[in-house]
Amino acid sequence: MRLIIAVNAGSSSVKLSAFSQREKESPTEIAHAEVSALGGGESSRLQYSKNGEFVKDEKAGKAGESHDAAFREMVDLLVEDSEVRQVQERNDIGLVCHRIVHGGDFEDCQTITEETYQQLEELVDLAPLHNSSAMGIIRCCFKLLPYSRNVACFDTQFHKTIPKLVATYPIDQGVASRNGLRKYGFHGLSYAYITRQTAQHLGKDAHRLNIIALHLGSGASACAIRNGCSWDTSMGLTPLSGLPGATRSGSIDPSLVFHYTNSAGKLSSSSTSDLHISRAEEILNSESGWHALTGTKDFRAIAASNDANHKLAFDLFVDRICAFVGSYYVALRGEVDALVFAGGIGEKSSQLRSAVVDCVGCLGFSLDESANDRGMSRTIEEISVRGARHRVLVCHVNEQLEMARLCGQTTGL
């Protein structure tokens with residue numbers, strides 16, 4: 001039996017899950033910890049759970065000051081928990097897998113060597129909000145857990161099957177090739193998990209599964225999955241493209257930012273010697289989205305409000321989602337097994353699901369409103385009307401489990 005730690009570093013949170021795995025068996029979660037609202041002072045929280053039950057849910061204190069501090073605290077929680085017998089000391093942690101948002105041309109999980117680490121550092125500018133956080137934790141891991149093997153799991157690797165006609169931007173291909181300018185796609189760990197769970201739920205071979213999957217959270221994307229593989233996805237070279245998010249603009253006219261500000265090409269004041277962010281990137285990644293329209297990042301508040309600006313943000317999000325559903329329906333030639341909602345908003349907002357399915361009802365999707373209003377009790381819940389042309393599902397995604405599974409099945413890890 002071996003112990004696998006899966007670390008998922010977001011822009012303002014860190015999740016850590018510990019799994020035990022016997023040979024040729026799926027990983028089993030033994031503990032989970034999370035620090036949210038990093039840098040948020042009193043609002044930062046630390047949660048620790050086992051078997052789905054919270055053991056701790058308290059103010060994070062020093063653990064909420066940084067990604068590094070959060071990771072150290074969560075590792076100590078595991079080591080000091082006498083009930084988690086698989087971890088008696090730090091050296092018992094043999095494998096640590098890290099979610100890396102942008103993996104460039106890496107197509108599979110990679111052991112993080114000095115060479116791999118340098119390659120990952122070069123990709124930070126393409127996903128600064130997430131890759132930089134993950135790289136910080138990897139550096140911490142080298143010091144805190146020197147005997148552990150570190151493995152990178154990439155959000156981009158699921159999308160390696162996107163065909164060239166979809167991945168190519170209509171620009172000078174010499175420049176594009178030299179600079180790696182193409183569609184990469186993101187949320188791949190989520191989509192891999194959704195694909196596997198949906199195939200299992202429908203009793204269908206994953207290699208024959210066609211779905212339209214929606215990962216909807218503060219960062220949101222859509223994906224057309226054809227024969228179990230990514231065919232197209234809304235995010236592109238970076239996570240900025242496609243659907244709007246809490247602070248991201250999503251796809252806009254590329255020239256808009258130059259009319260928005262005359263300092264678009266200049267470095268932002270938040271840039272550092274290691275992280276170079278232009279003012280344009282800062283505006284479109286951190287100062288846009290529904291927060292710019294409403295003044296709040298809380299989509300629950302937006303969905304529940306009758307305020308005109310909140311309604312505009314809600315309707316705009318629904319409109320953009322439906323545009324991708326329609327496009328992907330055509331890309332799949334109408335052969336769609338299910339429309340699958342996932343992510344924090346996709347899973348929890350019955351109002352959003354109802355509005356989206358109502359909009360795309362002409363394609364053969366129809367909701368059972370009572371099922372839609374019920375909470376989730378399983379990994380996959382069916383919310384479509386019996387007998388509808390296409391199924392509508394909600395999936396509770398576990399990216400850390402997907403990372404552990406990938407590491408467990410990858411040769412040599």
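Reply: What follows is a short chat about the sheet, a helix pair and the nonpolar cores.

Me: What should I keep in mind about where this comes from?
Reply: This is a predicted model, in which local features need pLDDT of at least 70 and side-chain atom pairs count only at pLDDT 80 or more, while totals for chains, interfaces and linings use all residues. Residues are numbered from 1 along each chain as its sequence is written, and side-chain values use heavy atoms, with hydrogens and water left out.

Me: What's the strand order in the open sheet of 8 strands?
Reply: The order is S5-S4-S3-S2-S1-S6-S8-S7, with mixed pairing, where strands are DSSP runs of E with at least two residues, helices are runs of H or I with at least four, and both are numbered from the N terminus. Two strands pair if DSSP finds at least two bridges between them.

Me: And which are the edge strands?
Reply: They are S5 (53-59) and S7 (110-111), each of which pairs on one side only.

Me: How does S7 join S8, parallel or antiparallel?
Reply: S7 and S8 (residues 149-154) run antiparallel and are joined by 2 bridges, with glutamine 110 having alanine 152 in S8 as its bridge partner. S6 (residues 95-100), by contrast, pairs with S8 in the parallel sense over 6 bridges, and valine 96 stands opposite asparagine 150 in S8.

Me: Why is S8 largely enclosed?
Reply: Because 5 of its 6 residues are buried, S8 is largely enclosed by the rest of the structure; buried means under 20% relative accessible area, with a 1.4 Å probe and protein chains only.

Me: Switching topic, at what angle do H6 and H15 pack?
Reply: H6 (residues 188-202) and H15 (residues 399-409) pack at about 85 degrees, with their axes 9 Å apart; axes are lines fitted to C-alpha atoms over the stretch in contact, and angles run from 0 to 180 degrees between N-to-C directions. The two helices are therefore roughly perpendicular to each other, a label that covers 65 to 115 degrees.

Me: Now the largest nonpolar core: how many residues?
Reply: That core has 37 residues, and Leu216, Phe299 and Phe365 are among those with the most contacts inside it; such a core is a set of buried Ala, Val, Leu, Ile, Met, Phe, Trp, Tyr and Cys residues joined through side-chain atoms within 4.5 Å. H11 gives the most to this core, with 9 residues.

Me: What is phenylalanine 365 in contact with?
Reply: Leaving aside neighbours within four places in sequence, its contacts (heavy atoms within 4.5 Å) include Tyr329, Leu339, His390 and Val392.

Terms used. Buried means under 20% relative accessible area, exposed over 50%, partly exposed in between (1.4 Å probe, protein chains only). Angles under 35 degrees count as roughly parallel, over 145 as roughly antiparallel, 65 to 115 as roughly perpendicular and the rest as oblique.
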